[in-house]
Amino acid sequence: MTIDIRLHHRFGSFVIDAAFAIDKPGITALFGPSGAGKSTVANAVAGLFRPAEGRIVLGDRIVFDSKERIFLPPRARRVGYVFQDSRLFPHMSVENNLRFGWRRAEPRADANEFARIVDMLGLESLLARKPAKLSGGEKSRVALGRALLSSPDLLILDEPLAALDAARKAEILPWLERLRDAARLPMIFVTHALDEVARLADQVVLLRKGRVEARGAAFDLLPDLEFASLAGTTPLGAVLPAKVAVHRDDGLTELAFDGGALFVPQLDAEAGTPLRVRLRAEDVMLARVIPGAISANNVLSTTVVAARVADESHADVQLLCGFTKIVSRITRASYQRLEIKPGMPIFAIVKSVIVDSR
Amino acid sequence: MLLTQTESEALLLSLKISTVAVAAALPFALAAAYLLARTRFPGKAVVDGALHLPLILPPVVVGYLLLMMLGTREPLGAWLLAHLGLRFAFSWKGAALAAGLITFPFQLRAIRLALQSLDRGLSEAAETLGAGPLDRFVNLVLPLALPGIVAGAITAFAASLGEFGAIITFVSNIPGETQTLPLAIYSALQTPGGEVEAARLSALSIALALVGLTLAEIADRRVRALVGQ
């Protein structure tokens, strides 16, 4: 299903003029600093906000077209919405909250689907409780389940992690990953946190001051220095799709990616399992010659694509390993000592590889 | 029996009149509160003020106005009697009408406050889950406003029990028909040697108030627990 979003609206001196399309399932991060207009865009897609001009198409359904004077109300859009503050109905049990959207959906998901989602989000033991008796993370999970059970064509998650502390975030993230990998549903994930984008997003739309500044695949944009400077952040690192290749006798598991192999401590996953791997910029060291005796297991042969001084003491270097972009953050002193220039071959020593589920 | 016939009659009549008064005024209070809390229209401030008139006017004036409109010889009163068989003058129904009118602003204010403090975000969430306006009103707004509705009804009921001026002006003081507890106390005090009777009736009123307060507290807790507060 292709989702086409175009809207224009003026709030005093602030103008939202955003257009982008989503043509793949999975998570599209609508990323940008606060005040960029992310929630306004999300609300326009859900029908909670009516822009002055624009057109929003979900698959073959035009849900908004200012020229044709089409504006479907939220209840007719089949857009699930997970709000930052959960917005569970306080007078209903968890089960009745879950069934609220399910009962009103056309066509309604069958009972197996209900059980499957309850199971996937681990809600079984919460069903009889009232929302006031839930923790923050549990509320988020129920809100997620409630939106999913309304059989949406598109799911919007508006900063679902922003109100949670680090421990709760860590609790809910695996559920979001499971959802991303299990549901064949396009999702718009609104966030201002780059680490959430790195962890969850398949595609990224960068919104700044009401405009789309960049968009593309997460593994392409995240290690990109140009993107980082547009986003006004330091590059966190690379995200790459990998596969379990082989479990070796020496206690390591070999992962294959588009550019070579990575070795990680034994993984509990069958050969062929797709994984999402992150290489943080600070964990990638650079060397002109291949180091001999070294404890790091991963030494990749790469080419420098771009480099820039980041601040007084750091520099960021963008590398290409096969077809995969990697980014390294080194000190400015090393940057000068190694005389790093675009086009030069260099070895990337990866200190640690973070393996996320998938 | 602890109570004399006059006393139990006055007690039961008080309860009946207050119950009918509150129940009959509730739907109007709900509609008015919804209009004031959720909509905008020209002249809203005037309507708002007018709906609070019963609170501001002396009850005797309210009783007098009712008598002027609904006396059986007045056009409206005669019409109601002829076409609906409804007679308010000198009937307990008139007492209920007077009490309901006087205590209407209590219900209106409590319900309006409850509606205004409802989280609009919940309504938006319900919309994205497929609920239309009526659906949201019945399944979300009403249950969530229930503590306010109950609080308003309790206040109005208590105020109805004590209503004197409007009732005695509109429907007079007829034992067994319109003589509620306060009116019975007044009658006893007007009768030579009626001080003991007045004291007994006052004690009854105090006992009723205490029981009522306890029940109201229990009801309030139950309802709040029901809506997850």
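**View 1. The open sheet of strands β14, β13, β12, β15 and β21 in chain A of the predicted model**. In this predicted model, five strands of chain A form an open sheet in the order β14-β13-β12-β15-β21, and the pairing between them is antiparallel. The edges are taken by β14 (260–265) and β21 (354–356) of chain A, each of which has a single partner strand, so that one side of each is left without a neighbour in the sheet. With direction ignored, neighbouring strands of this sheet are turned by 45° against each other on average.

**View 2. The pairing of β12 with β15 in chain A**. Strand β12 (residues 237–247) of chain A is joined to strand β15 (residues 274–280) of chain A by seven bridges, and the two strands run antiparallel. One pair that can be located in this view is A242(A) with L275(A), the latter being the bridge partner of A242(A) in β15(A).

**View 3. The open sheet of strands β16, β20, β17, β18 and β19 in chain A**. Here, five strands of chain A make up an open sheet whose order is β16-β20-β17-β18-β19, with antiparallel pairing. Its edge strands are β16 (284–287) and β19 (324–331) of chain A, each of which pairs on one side only.

**View 4. Strand β10 of chain A and its pairing with β3 and β11**. Five of the six residues of strand β10 (residues 203–208) of chain A are buried, and the strand is therefore largely enclosed by the rest of the structure. Strand β3 (residues 26–31) of chain A pairs with β10(A) in the parallel sense over four bridges, and L206(A) in β10(A) is the bridge partner of F31(A). The pairing of β10(A) with strand β11 (residues 211–217) of chain A is instead in the antiparallel sense and extends over six bridges; here R208(A) has R211(A) in β11(A) as its bridge partner. The hairpin of β10(A) and β11(A) has two residues between the strands, and in this hairpin K209(A) takes a positive phi near 50°.

**View 5. The contact of helices α4 and α5 in chain A**. The axes of helix α4 (residues 136–148) and helix α5 (residues 166–182) of chain A come within 9 Å and cross at roughly 20°, which means that α4(A) is roughly parallel to α5(A). The crossing in which α4(A) passes α5(A) is right-handed. From α4(A), the contact is made by G136(A), G137(A), S140(A), R141(A) and L144(A), and from α5(A) by R168(A), E171(A), I172(A), W175(A) and L179(A). By class, the residues of this contact of α4(A) with α5(A) comprise four nonpolar, three polar and three charged.

**View 6. The contact between chain A and chain B**. Chain A gives 23 residues to this contact, and chain B gives 16 residues. On the side of chain A that touches chain B, β7 (79–82) and α2 (94–104) of chain A each supply at least two residues. That side of chain A is made up of 13 nonpolar, four polar and six charged residues.

Notes:
Residues numbered from 1 in each chain as written. Chains lettered and ligands numbered in written order. Predicted model: local features only at pLDDT ≥ 70, side-chain atom pairs only at ≥ 80, totals over all residues. Pairing = 2+ DSSP bridges. Buried ≥ 20, exposed ≤ 12 C-beta atoms within 10 Å, placed from the backbone. Contact = placed C-beta atoms within 7 Å. Nonpolar A, V, L, I, M, F, W, Y, C, P; charged D, E, K, R; others polar. Axes fitted to C-alpha atoms, helices over the stretch in contact; angles between N-to-C directions. Parallel < 35°, antiparallel > 145°, perpendicular 65-115°, else oblique. Left-handed = near helix turned anticlockwise from the far one by under 90°.
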